[in-house]
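Open the model in your viewer and keep the selection tool ready. We will go stop by stop, picking one thing at a time.

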Amino acid sequence: MSTEIYQEFCDIMKKRGGMYPGADIPEFYPLVKELFTPEEAAVSIALDLGFSPASDVATKMGKGAKEVEDMLEAMAYKGLCISADLGGTIYYGGPPFVPGIFEFQFMRGTKTEKDKKLAKLIHAYKAAYRVAYPPKPPSFPQARVITIDKAVKADNMVYPYNQVAHYIETNDPLAVCTCFCRHEAKLIDEKDDCKVPDESCMMFGTAAQFVIDRKIGRKITKEEALKILKDTEDAGLVHAGINKQKLDFLCNCCRCHCMILKTALAYPKPGEELASGFQPVWDAEFCSGCETCVDRCPMTALTSGEENVPVLNLDRCIGCGVCLTGCPMEAISLEMRPGTIVPPVDDAASREAMRAGRV
Ligand code: SF4
Ligand code: SF4
């Protein structure tokens, strides 16, 4: 019975998609057995990708509403389902592994023996998945880099979805969580630490309320959010999220641990996969040739030039602006990148764009 449930759950996780969908490989089963009891897996199978009240899930399962509601509540605290209070009724949804269940396991930043065991199992599953299904550039970019907010040339159009501060200004509540990629690495090996801020994953609006309610993250003010943004930019981290205009979360990513950046780094043209819509331009008059920007670039898009000014490989440039924030001479600014695709508005439009392929 439990084996059948986990096999059915594997099919459901395939349909939920995301970066690491369900895959019938040996590493799947020890991982899901650690995450879900057979009863919890059965509840998750009955959940939709969208939101449903517990009573609908119970009807689908042929079980009592109270019993299923209690299980969903416990699962939400474990990060095994998502929930939202819509008009006084709690609705529940079944997320993919990524973004979703994997991240929720490490966003509290705890270091229990169970956390360490899960980190190893998740790491093993992701590694085996990449061997079974080698990553290749998707038909439509699943993720997007949001450039730093400053030094865009004055004659360039900047849309709200291009600006990190826009998400901080227009959302309430805001929350911050521990970076799951870096925390997972540290749970496996304490020395695997790139010494950048740990508490750096930002959540907005309904998603923020979920992590606050379920004690996965903590509520922050707009001022704290802007300070976190400044600290992550100083540390050379890249702002990235799902490729849509209405962002629920924003990661602040390092090139050494972030699964999005590491995957993109391996592509020949990461600049086509994650482009922010901007590209850096240099003012040769101010550049001293110190090469700080070359070292800071997370995509190895810069090389030393014969003159002082570094040479940009646009195929590798994701327009993050990390070169710009480290330049002591303020010799770099940003301009619009021609031909950049306008991000889909929301989840539904994003899924449709991925189904339709690159436009
Ligand atoms: S960091 Fe600034 S000054 Fe140094 S090489 Fe890059 S552009 Fe020139
Ligand atoms: S050159 Fe490198 S650091 Fe600068 S915007 Fe492009 S990818 Fe980012």
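Select ligand 2. Around ligand 2 there are 13 residues, and C297, C317, C320, V322 and C323 come nearest. A residue belongs to this set if its C-beta atom, placed from the backbone, lies within 6 Å of the molecule. By class, this shell holds eleven nonpolar, two polar and no charged residues. Nonpolar here covers Ala, Val, Leu, Ile, Met, Phe, Trp, Tyr, Cys and Pro; Asp, Glu, Lys and Arg count as charged, and the others, Gly among them, as polar.

A word on what you are viewing. This is a predicted model: local features need pLDDT of at least 70, side-chain atom pairs count only at pLDDT 80 or more, and totals for chains, interfaces and linings use all residues. Residues are numbered from 1 along each chain as its sequence is written, while chains are lettered from A and ligands numbered from 1 in the order in which they are written.

Now select ligand 1. Which residues come nearest to ligand 1? They are C287, C290, T292, C293 and C327, out of 13 around it. The shell around ligand 1 divides into nine nonpolar, three polar and one charged residue.

Zoom out to the whole protein chain. Helices (H or I, at least four residues) and strands (E, at least two) are DSSP runs, numbered from the N terminus. Along its principal axes, the C-alpha trace spans about 70 × 45 × 40 Å. Buried residues make up 43% of the 359. A residue is buried if 20 or more other C-beta atoms lie within 10 Å of its own, exposed if 12 or fewer, and partly exposed in between, with C-beta atoms placed from the backbone.

Next, colour the two domains. Domain 1 is 2–132 and domain 2 is 143–354. These bounds come from an automatic or database domain assignment. The C-alpha centres of the two domains lie 28 Å apart. Where they meet, 22 residues of domain 1 are in contact with 17 residues of domain 2. Contact means that two C-beta atoms, placed from the backbone, lie within 7 Å. On the domain 1 side, the elements giving two or more residues are α5 (65–77), β2 (82–86), α6 (97–106) and α7 (113–132). The largest share, six residues, comes from α7. This side of domain 1 divides into twelve nonpolar, four polar and six charged residues.

Select α6. Nine of its ten residues are buried, among them F97, F102 and F106. The cover over these buried residues includes α1 (2–16), α2 (28–35), α7, β5 (174–178), α9 (180–188) and β8 (238–242). P99 is found in α6. The peptide bond from V98 to P99 is cis, with omega near 0°.

P173 lies in the loop between α8 (164–170) and β5.

Step into helix α9 and pick R182. Is R182 buried or exposed? R182 is buried, with 25 other C-beta atoms within 10 Å. Leaving aside neighbours within four places in sequence, R182 is in contact with C194, D198, C254 and H257. R182 and C254 are 72 residues apart along the chain, yet their C-alpha atoms are separated by 8.5 Å.

Now the strands. Select β10 (residues 278–282): four of its five residues are buried, so this strand is largely enclosed by the rest of the structure. β10 pairs with β13 (residues 332–336) in the antiparallel sense over five bridges. Strands pair if DSSP finds at least two bridges between them. W282 has I332 as its bridge partner in β13.

Last stop: two loop residues. T300, in the loop between α14 (292–296) and β11 (302–303), has a positive phi of about 45° although it is not a glycine. E330, in the loop between α15 (322–326) and β13, has a positive phi near 50°. T300 counts as partly exposed, with 13 C-beta neighbours inside 10 Å, whereas E330 is exposed, with 11.
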